[in-house]
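Please open the model in your viewer and keep the selection tool at hand.

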Amino acid sequence: MGASFSLSFTDQDGFSSSSSPSLGDLPESCVASIIGYLDPPQICKLAKLNRAFRAASWADFVWESKLPPNYETLVGEVLSFVPEKLGKRDIYTRLCRVNTFDGGTKKIWLDKSTGGVCMSISSKGLQITGIDDRRYWNHIPTEESRFGSIAYLQQIWWFEVDGEVEFPFPPGTYSVFFRLQLGRAARRFGRRICNSEHVHGWDIKPVRFQLWTSDGQYATSQCTVSDPGEWFHYHVGDFNVENSNSLTRIKISMTQIDCTHTKGGLCLDSVVIYPSKFRERLKQRGYLKCAKPM
C-alpha cells in the first residue's frame with residue numbers, strides 16, 4: 001500500500017496507471033481533517049499534491065482553527081473592505097499581510113506560521129520629549145524601517161519616550177520591545193555604513209523601560225543601550241490577555257532622565273508587540289537585548 005501511494009505522487013491530479021489506491025482517492029473531508037493538524041505553510045505545500053489536497057486546503061473549518069478566536073473583530077479593526085462570504089483561507093491571507101491603521105502610525109499582521117498577532121507602532125505614533133525641536137530630534141527617511149522613517153536623537157538632557165495603544169488582542173502572552181540602534185546608518189558606494197559621531201552618554205546610566213496595562217499589569221526593567229550600528233529589540237516586559245472580547249490598553253515608557261549628562265546618537269524606529277514565544281526567534285538571530293527587571 002505504501003509503495004502504491006509513493007508512485008502516485010508523480011501525477012499532480014492524483015491519477016495513476018495502476019489500479020492500486022492513490023492519494024487522489026482519499027475523500028476530501030478525510031484529507032481536510034488530516035491537514036488541519038498542520039501549520040499553514042505546510043498546508044499550502046500539500047495543496048500542490050493533487051486535486052483532493054488542493055480542494056481540502058480551502059476548507060473553512062481548516063482555516064478557522066488557524067485564525068485567532070476574535071478574528072472577526074480584527075477584520076473590522078484593520079481591513080478597510082472585506083467582500084461578503086470571503087473564505088476563511090482568504091481572511092487568513094489578508095490578515096497575514098502587513099495592514100496599516102491609525103493614520104499610518106501602526107501596522108498589524110498575523111505570523112504566517114502560527115497565526116499570532118504582531119503589531120508595530122512607529123516613532124511618529126509615540127510621544128517623544130523634544131521631538132519638535134530640531135536641535136534634539138529629527139525624522140529621517142530610511143529603508144530600514146517598516147514605516148519608511150525613524151526618529152534620530154542628536155543630543156538631549158531629558159530623554160523620555162511614551163506610547164499607548166488600545167487593541168482587541170486575542171488571548172495569550174505578549175512581549176513588548178523598543179527597536180533601537182546607536183549611530184546613524186547610511187549607504188556609500190552601495191555599502192551600509194554607520195556614523196557614530198553623535199553617540200554618547202548611554203554607557204553612564206541604563207535606560208529604564210516600563211509597561212502598564214488597563215487591567216493592572218505592570219513591568220519595569222533597565223538596560224544599557226550599546227553596540228552601535230545594529231538594530232536591537234530591547235525587551236520592555238510581558239503582558240497577558242485572557243478575554244478576547246474586550247480591548248486591552250497598553251502604556252509603554254522609555255526614559256533616561258539623569259540631567260547630569262547629555263546623551264545622543266540614537267535611532268528610534270518603533271515599539272513592537274509579539275507573542276512571547278517569538279523572543280526565542282529574536283535571540284537566535286542576535287536581535288534581542290534583555291533588560292534586567294527592577
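A residue is called buried when its relative accessible area is under 20%, exposed when that area is over 50%, and partly exposed in between, as computed with a 1.4 Å probe on protein chains only. The model is predicted, so that local features need pLDDT of at least 70 and side-chain atom pairs count only at pLDDT 80 or more, while totals for chains, interfaces and linings use all residues. Residues are numbered from 1 along each chain as its sequence is written, and side-chain values use heavy atoms, with hydrogens and water left out.

**Two loop residues**

Select phenylalanine 189 to begin, which lies in the loop between β9 (184–188) and β10 (191–195); strands here are DSSP runs of E with at least two residues, and helices are runs of H or I with at least four, numbered from the N terminus. Is phenylalanine 189 buried or exposed? With a relative accessible area of 82%, phenylalanine 189 is exposed, and its phi is near 55 degrees, a positive value in a residue other than glycine. Most residues other than glycine have a negative phi.

Aspartate 227 counts as partly exposed, at 39% relative accessibility.

**Rings and charges**

Now show the aromatic side chains, among which there are 14 aromatic pairs; rings of Phe, Tyr and Trp (its six-membered ring) pair if their centres lie within 6.5 Å, and planes under 30 degrees apart count as stacked, over 60 as edge-to-face and the rest as tilted. One of these pairs joins phenylalanine 167 and phenylalanine 169 edge-to-face, at 5.3 Å centre to centre and with 70 degrees between the planes. Phenylalanine 167 is buried at a relative accessible area of 0%, and phenylalanine 169 is buried with a value of 0%. Tyrosine 274 and phenylalanine 278 make a tilted pair, 5.8 Å centre to centre and with 40 degrees between the planes, and both of these residues are buried. To see a cluster linked by ring pairs, select Phe101, Phe167, Phe169, Tyr174 and Phe239 together.

Arginine 89 lies over the face of tryptophan 58, at 4.2 Å from the ring centre, and the charged end of arginine 179 sits over the ring of tryptophan 231, 4.4 Å from its centre.

**Cysteines**

How many disulfides (pairs of cysteine sulfur atoms within 2.5 Å) does the structure hold? The structure holds 0 disulfides. For cysteine 96, the nearest cysteine sulfur is that of cysteine 44, 9.2 Å away, and cysteine 96 is buried with a relative accessible area of 11%. For cysteine 194, the nearest cysteine sulfur is that of cysteine 267, 7.1 Å away, and cysteine 194 counts as partly exposed at 29% relative accessibility.

Strand β11 (residues 207–213) pairs with strand β14 (residues 248–256) in the antiparallel sense over 6 bridges, and glutamine 210 stands opposite serine 253 in β14.

Technical notes:
Lys NZ or Arg CZ within 6 Å of the ring centre and 35° of its normal. Disulfide = S-S within 2.5 Å. Pairing = 2+ DSSP bridges.
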